[in-house]
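Open the model in your viewer and keep the selection panel at hand. The stops below go from the whole chain to the two ligand sites.

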Amino acid sequence: MERIRTDICVIGAGSGGLSVAAGAVQMGARVVLVEGDHMGGDCLNTGCVPSKAMIASAHVAQAMRGAAAYGMAAVEPTVDFGAVKDRVADVIGQIAHHDSAERFEGLGCRVLRGWARFTSAREIVVGEVTVQARRFVIATGSRAVVPDIPGIDTVPMMTNETLFQSRERPAHLLVLGGGPIGIEMAQAHRRLGCAVTVIEAGRCLGREDAEAAAVVAGRLRAEGVEIVEGAGIVRLRAVAPGVEAVLSDGRTLTGTHLLVAAGRQAALGRLDLLAGGVVHDKGGVAVGAGLRSVSNRRVYAIGDAAGKGQFTHLAAYQAGVVIRQAVLGLPARARGDHIPRVTFADPELAQVGPTEAEARKAHGAALTVARADYAGNDRAITAGQTEGFAKLLVVRGRVIGATVVGAGAGEVIAPLALAVSQRLKVSALAGVVLPYPTLAELAKRAAGAYFAPKLFANPLLRRLVGLVQRLP
Ligand SMILES: Cc1cc2nc3c(=O)[nH]c(=O)nc-3n(C[C@H](O)[C@H](O)[C@H](O)COP(=O)(O)OP(=O)(O)OC[C@H]3O[C@@H](n4cnc5c(N)ncnc54)[C@H](O)[C@@H]3O)c2cc1C
Ligand SMILES: NC(=O)c1ccc[n+]([C@@H]2O[C@H](COP(=O)([O-])OP(=O)(O)OC[C@H]3O[C@@H](n4cnc5c(N)ncnc54)[C@H](O)[C@@H]3O)[C@@H](O)[C@H]2O)c1
């Protein structure tokens, strides 16, 4: 049995763990990085990267169908589903070196391949190696929740862990869950020639601004995705040609394949957290504001395992918070109010800070909503993408949140995320000079809309202007 003593031991080489390891080792700490499966974690192998690669293929297919609006003959694409999946694998391959064991060993980390488990509050075991560390960082990510529906183990079922490997085109995909995974994958499959039905117990994209979510759901429906809301699947049965789903409202649906996208749970099962004295619940490791375990001060948790949200950029942000404390010995607290998120459907839906409904609850009459529509943005008009809006949430002259739904919303949200994170005044956004014609001007236009009533219907200002104009 080999014994290693180190400064920082990072468990999980995904978005969060890799960020901690790279930062800590380059600042001079001794780092051990442990990974039981593929380097790169969910994001690279079974999450963000393959899903966005598939969405890119779906986008091309849809552009071909819509070509007539741009002066070309519309074409119904012949989709080679296997080739689409080959491209997905190729895209993963192009990024994989960045997350590879070789790269991290080159940076100076000791990389252990195997599953880590705690044997005491200060020690883990990985295969034949024992690691004692001054600090541990749990970055083990999450797994798809498979709901306990009678019959689910008898039907051909996929999760994000199997979806991207399958080269067979589902003739009719049933999608269980209308969250970001369900909606992104439903649209991509529809555009790539599958019949698709989404079954959502609540409302699609239920965490998002209702008006914005309705724009996305409307587009999916217009493209032929069937969306059933307010009804869950209560029973499943294997039938020819695949799956029969009985819904809570009594309806029966059939499809050839089932994708389960019903939420995720922290992947803590292999860690023996009891032995490590690390308290956790269903959401993840119980941590304080500094992401430190409430029960074992040697341990931090970040990313999906920490249960504060499930985004790659959140995991990377949290990595910085841990590095400050565990590597530099400085105090740090993780904020949660400035983390943006994007659902990469077409149109995209981007959010930072609270939604309008959440802000209204928290701030009541102090909240002002200013908006700008894509239909009034010259770049959107030239591109023929005029559906959507940007909504700015302002309290006492400062931007506290924003929603953007429309083409490129994930890019348009960038200056708004800066405004929220820096607690900028609306005037800073209204005053910035942006290149014309860009979609980003929507953010500035919404900020301008906040001032418009104050400037253009202001009797005092009109009197002042009148006086100035009488000056010689
Ligand atoms: C289909 C899909 C699409 C997504 N799209 C986006 C997106 O567009 N944008 C976005 O921001 N987020 C997206 N996400 C979410 C994003 O992938 C996760 O939030 C992110 O990967 C979390 O990073 P992490 O470091 O917490 O975990 P992961 O990246 O999952 O890494 C955890 C690693 O820990 C390893 N591990 C687990 N237990 C052990 C153990 N005991 N010992 C050793 N190793 C262990 C795992 O094998 C894994 O490699 C998507 C997720 C899915 C499923
Ligand atoms: N673009 C992105 O950033 C992106 C993309 C994909 C995933 N993610 C991350 O991964 C997380 C997980 O995504 P997700 O879509 O799996 O989960 P989710 O929790 O966001 O959505 C799951 C949906 O499934 C529904 N549901 C659950 N059980 C059901 C049942 N039995 N019948 C019908 N509906 C049911 C829920 O009501 C919910 O709306 C996201 O919340 C997000 O943080 C991010």
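**Whole protein**

Start with contacts: pairs of residues 24 or more positions apart make up 65% of the protein's contacts with a separation of 6 or more, a contact being two C-beta atoms, placed from the backbone, within 7 Å. This is a predicted model, where local features need pLDDT of at least 70, side-chain atom pairs count only at pLDDT 80 or more, and totals for chains, interfaces and linings use all residues. Residues are numbered from 1 along each chain as its sequence is written, while chains are lettered from A and ligands numbered from 1 in the order in which they are written.

Colour by secondary structure. You will see 16 helices and 24 strands (DSSP runs: H or I of at least four residues, E of at least two, numbered from the N terminus). Of the 472 residues, 45% are buried, with 20 or more other C-beta atoms within 10 Å of their own.

**Ligand 1**

Select ligand 1 and its shell of 36 residues (C-beta atom, placed from the backbone, within 6 Å). Nearest are Gly 12, Gly 14, Gly 41, Gly 141 and Gly 303. Now highlight H1 (15-26), S2 (31-35), H2 (41-45), H3 (48-65) and H10 (312-327): each supplies at least two shell residues.

**Ligand 2**

Move to ligand 2, surrounded by 26 residues. Among the closest are Gly 177, Gly 179 and Gln 310. Helix H7 (180-191), strand S10 (195-200) and strand S20 (341-343) are the elements giving two or more residues to this shell. Which element gives the largest share? H7, with four residues.

Note on methods: A residue is buried if 20 or more other C-beta atoms lie within 10 Å of its own, exposed if 12 or fewer, and partly exposed in between; C-beta atoms are placed from the backbone.
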